Amino acid sequence: MNETSGAVEPKPLFGLTPEELRVVVESLGLSKYRATQLHDAIYKQRVNSLDEITTLPSDLRERLAAEGYTVGLPEIAQATRSVDGTERYLMRMADGETVETVWMPNGDGGERGDGSEAALEEEASDYDGAEPTLRDKAAKDGALSSVASYKRATICISSQVGCAVNCQFCLTAKLGMRRNLTAGEIAGQVAAVLNRQRVRIGSGRGVQTPSRINLVFMGMGEPFLNYDAFMRSVHLLRAMGIPESRMTVSTSGILPGILQFANEPVRPKLALSLNAPNDEVREQIMPVTRKWNIAALLDALRTIPFGKREYVTFEYVLLGGVNDLPQHAREVLALLAGMKAKVNLIVWNPGPGIDFREPAPADVAVFHRMLIDGGIPTFTRKPRGRDIYAACGQLKRTVDAPETLVEIATG
Ligand code: SAH
Ligand code: SF4
């Protein structure tokens, strides 16, 4: 449901901090506890519209609406489901700009091995048999539109409309940079997806208590080039009941952002898109390397006060013949020597107009094995939702998507 109010400029409440909600409430001459009610309704119950805030009397809701206030969640304009249960959404913001968000029941293996709660669960689940989840039961009872079952899920969110970084292998880069998302628009993607999937967190809204929700800031955009909104969204997401230990932010290597991140008292886990064994290769595929080279990025990572169990994740997109050879694996091992590092290998997902080739499966296996043998925990990400172009770097391909896509009802 999208609310807009005629002449008055819409003012989204989703995205406001407790203090900002207090200012709103005070400006209307209301008691302070109304701010707490609004906060709970927006972030815990995840209401879609003012009408749903039943803790407020209706005249008050009407007043808020008359002042132009809306809840202001992004709208799921289109949803596409993959055979593997992955769902890709086109999210429409109030000004009509769209970004993509992906729901991956059971994740994509990317959380493994970083010492986090998410990773330990994921690893343990390899052995925990096929005991039905609450979601299985709900699906069987017909309570859910989606039949996929999961014990945990990962939501991949966007931080910008487009991206300015121009990595040569990435489809988002082709869009160029349109605008930053606000913190409310970043966290709002998660609220919209959780509402659609009817996921309940704590005592909040929803029909079932899953499982765990993990978040990755790995959709469209470079989070560290929209730093303040990104960090603010982390706090909104915590207010929604998702701890920062279940969030991972991925950066292409924006050095000032990494340094700022190192000083955050509350911070998600960090992944660096290394993607190359040396500066020479990295400059070709990620021109941003000319500004901040690999050595400078690794030095910046060393300033982060990592927890005991914490590892830095290095993402490494394997591009056939470019960075996937045994000599490259040896260089990566040398680069990461002495760091508490784990590597996520990602098989490159092809896209129109992008001139690379997929790595041969045998080369992926050798690369993976060499890193493991060199002592680096290494995981090859399962490609999720490839049939719907929801995999890494494939977001926003809707324009010329193949006809085999299955469109499913939204809402
Ligand atoms: N801008 C941030 C986060 C979004 S991209 C970053 O670059 O880290 C998330 C991940 O997808 C990055 O590791 C990126 O290298 C990878 N990626 C981009 N395009 C891809 C493609 N076509 N196939 C596989 N991975 C890709
Ligand atoms: Fe931007 Fe990340 Fe794509 Fe590079 S890989 S263009 S930083 S979204």
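## Exercises on a predicted model

The shell around ligand 2 is made up of five nonpolar residues, three polar residues and one charged residue. Keep in mind as you work that this is a predicted model.

**Exercise 1. Sort the neighbours of ligand 2.**
Task: Find which residues surround ligand 2, and divide them into nonpolar, polar and charged.

Solution: 
- Step 1. Collect the neighbours: Cys-163, Val-165, Asn-166, Cys-167, Cys-170, Ala-173, Gly-221, Glu-222 and Ser-252.
- Step 2. Pick out the nonpolar ones. Cys, Val and Ala count as nonpolar, and Cys-163, Val-165, Cys-167, Cys-170 and Ala-173 are in the shell.
- Step 3. Glu counts as charged, while Gly is placed among the polar residues.

**Exercise 2. Explore the surroundings of ligand 1.**
Task: Describe which residues are closest to ligand 1, and how much of the ligand the protein buries.

Solution: 
- Step 1. Start with the shell. Ligand 1 has 20 residues around it, and the closest are Gly-221, Ser-250, Ser-273, Asn-275 and Asn-349.
- Step 2. Sort the shell by class: it holds nine nonpolar, nine polar and two charged residues.
- Step 3. Look for strands. S10 (247-251), S12 (312-318) and S13 (341-347) each contribute at least two residues to this shell.
- Step 4. Turn to the polar atoms. An oxygen atom of ligand 1 lies 2.6 Å from a polar side-chain atom of Ser-273. For Asn-275, a side-chain N or O atom is 3.0 Å from an oxygen atom of the ligand. With Asn-349, a backbone N or O atom is 2.9 Å from a nitrogen atom of ligand 1.
- Step 5. Finish with the surface: ligand 1 alone exposes 530 Å², and the protein buries 96% of that.

**Exercise 3. Step back to the whole chain.**
Task: How many helices and strands are there, and what share of the residues is buried?

Solution: 
- Step 1. Count the elements: 13 helices and 14 strands.
- Step 2. Of the 411 residues in the chain, 56% are buried.

Methods: Residues are numbered from 1 along each chain as its sequence is written. Chains are lettered from A and ligands numbered from 1 in the order in which they are written. This is a predicted model: local features need pLDDT of at least 70, side-chain atom pairs count only at pLDDT 80 or more; totals for chains, interfaces and linings use all residues. Side-chain values use heavy atoms; hydrogens and water are left out. A residue is near a molecule or strand if one of its heavy atoms lies within 4 Å of it. A polar contact is a pair of N or O atoms within 3.5 Å; within protein, one must be able to donate a hydrogen and the other to accept it, and residues adjacent in sequence count only if both atoms are side-chain atoms. Accessible areas come from the Shrake-Rupley method with a 1.4 Å probe; for residues, only the protein chains shown count as cover. Helices (H or I, at least four residues) and strands (E, at least two) are DSSP runs, numbered from the N terminus. Buried means under 20% relative accessible area, exposed over 50%, partly exposed in between (1.4 Å probe, protein chains only).
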